[in-house]
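Welcome! Let us take a friendly walk through this structure, one part at a time.

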Amino acid sequence: MASLLCTSARVALRSGASATSKAGAAGLTFARGKATLPDLSYDYGALEPSISGKIMELHHKNHHNTYVTNYNNAVEQLQEAQHKGDISAQIALKPAINFNGGGHLNHSLFWENLAPSSAGGGEPPSGALSQAINTTYGSLDEFKNKMNAALAGIQGSGWAWLVKDKQTGQIGIRTYANQDPVVGQYVPLLGIDAWEHAYYLQYQNRKAEYFKAIWDVINWKQVEKRFS
Amino acid sequence: MAAQFHTLPPLPYAYDALEPVISKQIMELHHQKHHQTYINNLNAALSAHASATQTNDVPTLISLQQKIRFNGGGHINHSLFWKNLTPPGTPGNDLAGAAPTLREAIVSRWGSEAAFTEAFNQTLLGLQGSGWGWLVSSGGARGRLEIVTTKDQDPVTGPDVPVFGVDMWEHAYYLQYLNNKAGYVQGIWKIINWAEAEKRFTAGVENPVKL
């Protein structure tokens with residue numbers, strides 16, 4: 001999806017679009033072809049006690065915003081390289097596009113698949129998604145155990161995702177290193193950030209406690225939407 | 001053969017000795033919790049490896065490789081890291097005084113101390129995700145100097161010599177510097193143990209986690 005996004009950005013630039021337009025399923029917004037930091041639909045403190053307000057503020061305003069800035073810079077350089085027909089420069093930019101574009105995608109999806117309990121956070125899924133989870137994992141609790149085990153097993157920085165396989169329609173748990181985004185064969189349904197910056201100020205090295213607490217603020221309504 | 005287990009090596013200085021560059025709280029967590037966890041998991045993997053060796057269970061042996069790499073690497077890297085740091089203002093932090101041979105090699109390779117520091121900082125800040133930045137002596141002691149990064153807990157392996165390393169996992173700095181990792185990277189130069197680096201550069205490093 002990173003390449004798809006930069007294509008949208010380029011098209012918007014070429015056509016001189018000045019209005020903000022929606023692009024992609026992640027609800028990423030572009031103003032004049034640039035990726036921008038999306039607003040959260042809840043306050044920074046709204047996910048407490050699962051995630052502290054300070055973590056949310058730093059994570060959104062600083063970390064996510066840095067990915068947005070660096071992604072835009074990389075896209076600008078990519079456009080220059082394309083304009084000049086410089087193939088090696090375009091290839092050299094691939095890691096920066098993947099990392100920063102991935103960081104932008106992942107965090108945009110993450111904020112939306114979280115919600116305060118007052119807005120339904122933690123309420124179990126229903127309908128077809130609930131059925132798929134039960135069929136695949138036996139129960140929601142068993143799914144959570146498997147997801148938490150996947151999160152705990154990440155060596156270094158990364159994410160764990162509940163994904164849907166486009167080929168089979170089946171759901172599964174996959175982990176991704178660093179900011180590698182869920183693209184290609186899989187559709188991202190629910191992502192949990194296992195970078196230390198996502199929990200360290202509150203949980204320090206006790207990451208299992210963070211993985212346990214985050215289920216109280218999962219926005220299953222959003223996950224259902226992505227599933228269907 | 002009696003089973004031998006790796007244990008946490010004591011720090012060569014107090015937990016608060018690296019302040020203000022690295023806080024006491026970070027050092028305590030980093031040493032007592034993070035480093036200890038790598039050791040625990042390494043011991044468990046080695047013990048499973050020993051059993052699988054006895055029963056010639058090759059699939060299990062192969063499945064243990066990544067655990068050994070990650071946790072053994074974590075043990076090696078942190079053991080090297082603690083020793084290549086020194087409290088600010090100590091003689092070991094004086095590059096010219098404590099590491100004349102290494103200094104000469106650095107200047108001849110990068111042109112100046114400042115150019116080397118700048119290149120090292122840029123490499124550290126360019127890391128995507130968790131990992132380490134190293135000054136490495138290629139091929140053995142007194143080799144060609146290179147700035148390299150290793151991902152997650154991958155260690156620098158022989159014949160290359162890790163002259164010194166900087167931990168770029170967020171747990172190494174986040175409680176104090178938050179997302180300002182450039183602040184951590186700039187500060188680290190005030191606590192590099194050049195005396196230890198000189199020793200490694202001129203004589204190499206023996207197994208840093210020898211039992």
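Chain A holds an open sheet of three strands, arranged in the order 5-4-6 with antiparallel pairing. At the edges stand strand 5 (171–177) and strand 6 (186–193) of chain A; each has a single partner strand, so one side of each is left without a neighbour in the sheet. From one strand to the next, the twist averages 30°. Keep in mind as you look that this is a predicted model.

Let us look at one pairing in that sheet. Strand 4 (residues 158–165) of chain A joins strand 6 of chain A through seven bridges, in the antiparallel sense. To find a landmark there, look for A:Ala160, whose bridge partner in strand 6 of chain A is A:Ile192.

Helix 4 (residues 94–112) of chain A lies across strand 4 and strand 6 of chain A, and runs at about 75° to strand 6 of chain A.

**Two domains in chain A**

The domain assignment divides chain A into domain 1 (2–116) and domain 2 (118–227). Where they meet, 23 residues of domain 1 of chain A are in contact with 27 residues of domain 2 of chain A. On the domain 1 side, helix 2 (53–84) and helix 4 of chain A each supply at least two residues. Which of the elements gives the most to this side? That is helix 4 of chain A, with nine residues. By class, the side of domain 1 of chain A that touches domain 2 of chain A has 12 nonpolar, nine polar and two charged residues.

**Helix pairs in both chains**

Two packed helices are described by the angle between their axes and the distance between the axes. Here is one pair from each chain.

| Helix pair | Angle | Axes | Crossing |
|---|---|---|---|
| Helix 2 and helix 4 of chain A | roughly 140° | within 8 Å | left-handed |
| Helix 1 (residues 24–54) and helix 3 (residues 65–83) of chain B | about 140° | 8 Å apart | left-handed |

In chain A, the axes of helix 2 and helix 4 cross at roughly 140°. That angle makes helix 2 of chain A oblique to helix 4 of chain A. Among the residues that meet are A:His64, A:Tyr67 and A:Val68 in helix 2 of chain A, and A:Asn100, A:Gly101 and A:Gly103 in helix 4 of chain A. By class, this contact has seven nonpolar, seven polar and no charged residues.

In chain B, helix 1 and helix 3 are likewise described as oblique to each other. Their contact includes B:His35, B:Tyr38 and B:Ile39 of helix 1 of chain B, together with B:Asn71, B:Gly72 and B:Gly74 of helix 3 of chain B. Six nonpolar, eight polar and one charged residues make up the contact of helix 1 of chain B with helix 3 of chain B.

**Where the chains meet**

How many residues of chain B are in contact with chain A? There are 16, and they touch 17 residues of chain A. Helix 1 and helix 7 (174–177) of chain B are the elements that give two or more residues to the side of chain B that touches chain A. The largest share, three residues, comes from helix 1 of chain B. This side of chain B has six nonpolar, six polar and four charged residues by class.

Technical notes
Residues are numbered from 1 along each chain as its sequence is written. Chains are lettered from A and ligands numbered from 1 in the order in which they are written. This is a predicted model: local features need pLDDT of at least 70, side-chain atom pairs count only at pLDDT 80 or more; totals for chains, interfaces and linings use all residues. Two strands pair if DSSP finds at least two bridges between them. Helices (H or I, at least four residues) and strands (E, at least two) are DSSP runs, numbered from the N terminus. Axes are lines fitted to C-alpha atoms, for helices over the stretch in contact, and angles run from 0 to 180 degrees between N-to-C directions. Two residues are in contact if their C-beta atoms, placed from the backbone, lie within 7 Å. Angles under 35 degrees count as roughly parallel, over 145 as roughly antiparallel, 65 to 115 as roughly perpendicular and the rest as oblique. A crossing is left-handed if the near helix is turned anticlockwise from the far one by less than a right angle, and right-handed if clockwise. Ala, Val, Leu, Ile, Met, Phe, Trp, Tyr, Cys and Pro count as nonpolar, Asp, Glu, Lys and Arg as charged, and the others, Gly among them, as polar. Domain bounds come from an automatic or database domain assignment.
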